[in-house]
Amino acid sequence: MFLLVPATARAAEAPSGAGTAGAAPTGATAAVQEVTGFGSNPGALRMYRYVPDGLPTGRPVVVALHGCTQEAPAYGADSGWTELADRWGFSVVLPGQTTANNLSRCFNWFQTTDIARGQGEAASIAQMVARQVADAGADASRVHITGLSAGGGMTSVMLAAYPELFAAGGIVAGLPYGCAQAAGSPYVCMYVGATQTPRQWADRVRAAAGSHSGPWPRVTLFQGTTDTTVTPATMTALVAQWTDVHGTDQQADSSGTVAGYPHQVYRNAAGEAVVETYSLTGMGHGQPVNPGTGDGECGRAAAYLLDVGLCAAHRMGTSWGLG
């Protein structure tokens with residue numbers, strides 16, 4: 001899932017336009033479409049989107065980033081985001097990695113040329129957000145981003161390098177911003193983790209954000225406790241990074257369970273939830289789903305999408321006020 005290989009030369013940008021990328025996901029009202037010509041696209045990524053038929057203006061946007069070896073349209077359906085878009089009324093942007101950039105189609109969350117504001121893949125994703133907000137007449141104050149594995153690592157990148165674009169983010173089996181640099185290697189980051197103080201972790205975000213001083217995106221984290229691809233220690237580091245960014249401590253203000261799994265919430269001085277965590281007991285590397293059409297259900301089981309009785313997309317969307 002997380003095989004990391006050197007990036008190769010960037011592919012040329014496709015011509016302007018939009019076309020259907022495939023049939024509508026099961027139960028969906030529309031089809032996923034590919035959009036080209038969305039900007040200078042310095043990261044040479046592909047942009048897909050799902051817009052429910054008849055979606056009015058002023059609705060939210062969710063950006064959902066696939067993991068290694070996955071395809072963007074399939075991840076949108078399997079994770080549950082496209083069915084929730086129909087159910088709750090929002091559009092979904094699905095950035096797609098290519099084998100020209102990374103042989104395993106991992107977003108390059110570890111490459112310094114792809115994780116800085118105005119550069120590489122980070123800049124391409126920011127351009128996709130701008131294009132979708134403009135095309136859909138979306139509410140720019142209600143843009144959210146999430147991703148699995150390497151997509152979770154790139155979610156950290158976007159929250160750090162472009163915090164003004166996002167109200168909140170959801171990181172599933174992902175990495176803190178700057179982890180590869182802090183650990184000296186992406187592999188050490190993934191398998192062992194990196195030793196940083198909360199202030200050091202947060203300073204990496206503040207440096208990436210430049211002149212931005214807040215408000216900061218809220219962050220929701222999901223991590224399997226038996227994940228051997230991305231060490232569970234990365235969630236501890238993410239909590240340290242984002243609680244310090246928000247100016248609060250690393251002690252959870254409330255603890256409980258959701259669907260039988262430990263859930264913790266960290267609040268700022270105003271009592272607002274700024275970080276929350278889900279520890280998926282016994283789950284390996286992947287994104288939790290809970291197939292079905294009932295309350296709290298979404299997604300479908302597939303490679304690295306694990307039916308554990310909790311749908312991460314539904315929990316995120318509920319927390320973000322989408323449904």
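At what angle do helix H3 (residues 120-136) and helix H4 (residues 150-161) pack, and how far apart are their axes? The legends below begin with this pair and describe close-up views of a predicted model.

**Figure 1. Packing of helices H3 and H4.**
Two packed helices are described by the angle between their axes and the distance between the axes. For H3 and H4 the angle is about 75 degrees, and the axes lie 10 Å apart. H3 is therefore roughly perpendicular to H4, since angles of 65 to 115 degrees are placed in that class. On the H3 side, the contact is formed by Glu121, Ala122, Ile125 and Ala126. Their partners in H4 are Met154, Val157 and Met158. Sorted by class, this contact holds 6 nonpolar residues, no polar residues and 1 charged residue.

**Figure 2. Packing of helices H7 and H8.**
Helix H7 spans residues 198-209 and helix H8 spans residues 233-245. Their axes are 8 Å apart, and the packing angle is about 65 degrees. H7 and H8 are therefore roughly perpendicular to each other. The crossing in which H7 passes H8 is right-handed. From H7, the residues Pro198, Arg199, Trp201, Ala202, Arg204, Val205 and Arg206 take part in the contact. They meet Ala237, Ala240, Gln241, Trp242, Asp244 and Val245 in H8. The residues of this contact comprise 8 nonpolar, 1 polar and 4 charged.

**Figure 3. Crossing of helices H2 and H9.**
Helix H2 (residues 81-88) and helix H9 (residues 312-319) have axes that come within 10 Å and cross at roughly 40 degrees. The two helices are therefore oblique to each other. H2 passes H9 in a crossing that is right-handed. Trp81, Leu84, Arg87 and Trp88 represent H2 in the contact. Facing them in H9 are Ala313, His314, Met316, Gly317 and Thr318. This contact divides into 5 nonpolar, 3 polar and 1 charged residues.

**Figure 4. The second largest pocket.**
Rolling a probe the size of a water molecule over the atoms shows where empty space is left. The second largest pocket contains about 160 Å³ of space. Its lining includes Ala140 and Ser141, together with Pro163, Glu164, Leu165, Phe166 and Ala167. Also in the lining are His212, Pro215, Trp216, Pro217 and Arg218. By class, the lining has 8 nonpolar, 2 polar and 2 charged residues.

**Figure 5. The cis peptide bond at Pro215.**
Gly214 and Pro215 are joined by a cis peptide bond, with omega at about 0 degrees. Pro215 belongs to the loop between H7 and strand S8 (218-224). Pro215 is also one of the residues that line the second largest pocket.

**Figure 6. The surroundings of Gly296.**
Gly296 is placed in the loop between strand S12 (287-289) and strand S13 (305-307). Leaving aside residues up to four places away in sequence, Gly296 touches Asn290, Cys311 and His314. His314 is also among the H9 residues that meet H2. Gly296 and Gly193 are separated by 103 residues in sequence and by 32 Å in space, C-alpha to C-alpha.

**Figure 7. The backbone at Ala44.**
Ala44 has a positive phi of about 55 degrees, although Ala44 is not a glycine. This residue is located in the loop between strand S2 (33-36) and strand S3 (46-50).

Note on methods
Residues numbered from 1 in each chain as written. Predicted model: local features only at pLDDT ≥ 70, side-chain atom pairs only at ≥ 80, totals over all residues. Heavy atoms only, no water. Axes fitted to C-alpha atoms, helices over the stretch in contact; angles between N-to-C directions. Helix = DSSP H or I, 4+ residues; strand = E, 2+ residues; numbered from the N terminus. Parallel < 35°, antiparallel > 145°, perpendicular 65-115°, else oblique. Left-handed = near helix turned anticlockwise from the far one by under 90°. Contact = heavy atoms within 4.5 Å. Nonpolar A, V, L, I, M, F, W, Y, C, P; charged D, E, K, R; others polar. 1 Å grid on protein atoms, 1.4 Å probe; cavity = no way out; pocket = protein on both sides within 12 Å on 5 of 7 lines; lining within 4 Å. Points joined across faces, edges and corners; volume = space filled by probe spheres on them.
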